Amino acid sequence: MHHHRTLLAIAAVALGMSIALSANADETRVTLKAAKSTSSYYLMTVQIGEALKAASNGSYIATVEESQGSVQNVKESKVRPGNFIFTTPPSLLASARKGEKPFEDGAFDNARTLFVLPFVTVHLVARADAGINSIADLAGKTMIPGGKGTFCGTATDKILAAFGLTDKVKTVEVELSAAGPAMRNGKVDAFATCSSHPTPQLVELATTTPVKILSLSNEERAKVLSLDASSGPLTIAAGTYKGQDTPVQTVGLPVGAYTTTGMPDDVAYFVTKTFWEGKAKLAEKSSWWNGVDPTMVKLLGAEVHPGALRYYREKGIAVK
């Protein structure tokens, strides 16, 4: 009898292990990487992760990782295995393909497009009492240029250079998360942030500290647009941030959700299908989703993943 009970116990354990292994086999783990936790893109990836879980009845397990920004994302995409989803402007992928700065350690081209995200909005933000009303007024001032080692930092450096301000602006190379406290304490006069608007960091800052978001003249905007062929004119509507009573003319750049050649076709298909079919529900929570549509995938500058391409073909959407 004891032997019989032991066999039954072993069988029960084996059955439990079999069920557990079967459950694990049905799970698909996906890692999403965007930006700092204070950014709009981090919140977007959280929303996408939640959508994947809901659409799969919990079989898709999404992990959202904080990132220093798009440069780190692209560099990690070179070595991250499996179901890795990351965000970046397409211009960085073009640099990676050529092995250009900041990818001098070797060219690579394994990124594959899934879907488009709301555009990056370039914000040039100054303390309201700093006497800064235009890009030229940044001369002689102290500025955090978009965050150390980020796409925004590189873009801001190019903007300053285009206006002959490289040696006239004292730049402080710190993480962008330090910008708010530094502005409140009067340690810096301005900072740049590149994130879809309204960006949470600036919403929070503007509620406690009077700030001015610089609006570009037509000539200034044309010069900034010439720095990146993928960029386009963009307007931040009046009232987007506290104290912003007039529209702000600035520029925007496309941003994509990409994966790598390591993602299986069925996963890429499900992720892409889930995003587009759930976009309306996402937009109910966050208005920035209203600004994207499938035709914008053409702007993303990387080959569309075969699994994602299957979805677009099913829907009759031209993405090439």
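A salt bridge is defined here as a side-chain nitrogen of Lys or Arg within 4 Å of a carboxyl oxygen of Asp or Glu. By this criterion, a search of the whole structure finds 14 salt bridges. The structure is a predicted model, in which local features need pLDDT of at least 70 and side-chain atom pairs count only at pLDDT 80 or more, whereas totals for chains, interfaces and linings use all residues. Residues are numbered from 1 along each chain as its sequence is written, and side-chain values use heavy atoms, with hydrogens and water left out.

One of the salt bridges joins the side chains of Glu 76 and Lys 33, at 3.0 Å from N to O. This pair links distant parts of the chain, since Glu 76 belongs to helix α3 and Lys 33 to strand β1, 43 residues apart. Helices (H or I, at least four residues) and strands (E, at least two) are DSSP runs, numbered from the N terminus. Glu 76 has a relative accessibility of 17% and therefore counts as buried; Lys 33, at 5%, is also buried. The term buried denotes under 20% relative accessible area, exposed over 50%, and partly exposed the range in between (1.4 Å probe, protein chains only). Lys 33 and Glu 76 are also linked with Glu 65 and Arg 80 in a network of salt bridges.

Two further salt bridges were examined. Glu 27 forms a salt bridge with Arg 29, with the closest N and O atoms 3.1 Å apart. Glu 27 is partly exposed because its relative accessibility is 29%, and Arg 29 is exposed at 54%. In the pair formed by Glu 314 and Arg 310, the closest N and O atoms are 3.3 Å apart. These two residues are 4 residues apart in helix α10, so about one helical turn separates them. Glu 314 is partly exposed, with a relative accessible area of 45%, and Arg 310 is partly exposed at 44%.

Helix α3 (residues 70-77), which contains Glu 76, is largely enclosed by the rest of the structure, because 6 of its 8 residues are buried. The buried residues are Ser 70, Val 71, Asn 73, Val 74, Glu 76 and Ser 77. They pack against β1 (28-33), β3 (84-88), α4 (90-98), α5 (151-162) and β10 (248-260). Contact, where the term is used, means heavy atoms within 4.5 Å.

Strand β3 is itself mostly covered, with 5 of its 5 residues buried. In a regular strand the side chains alternate between the two faces of the sheet. Phe 84, Phe 86 and Thr 88 lie on one side of β3 and Ile 85 and Thr 87 on the other, and both faces are covered. Two strands are said to pair if DSSP finds at least two bridges between them. Strands β1 and β3 run parallel and are joined by 3 bridges; Lys 33 has Phe 86 as its bridge partner in β3.

Strand β4 (residues 111-127) has 16 of its 17 residues buried. Its antiparallel pairing with β10 extends over 8 bridges, with Ala 257 as the bridge partner of Phe 115.

A nonpolar core is a set of buried Ala, Val, Leu, Ile, Met, Phe, Trp, Tyr and Cys residues joined through side-chain atoms within 4.5 Å. The largest such core has 74 residues, and those with the most contacts inside it are Phe 115, Leu 138, Trp 276, Trp 289 and Tyr 312. A second, separate core of 17 residues includes Ala 182, Val 188, Leu 234 and Ile 236.

Most residues other than glycine have a negative phi, and most peptide bonds are trans. The bond joining Lys 101 and Pro 102 is cis, with omega about 10 degrees, and Pro 102 lies in the loop between α4 and β4. The bond from His 197 to Pro 198 is likewise cis, with omega near 0 degrees. Asn 57 has a positive phi, near 55 degrees, and is exposed at 76% relative accessibility.
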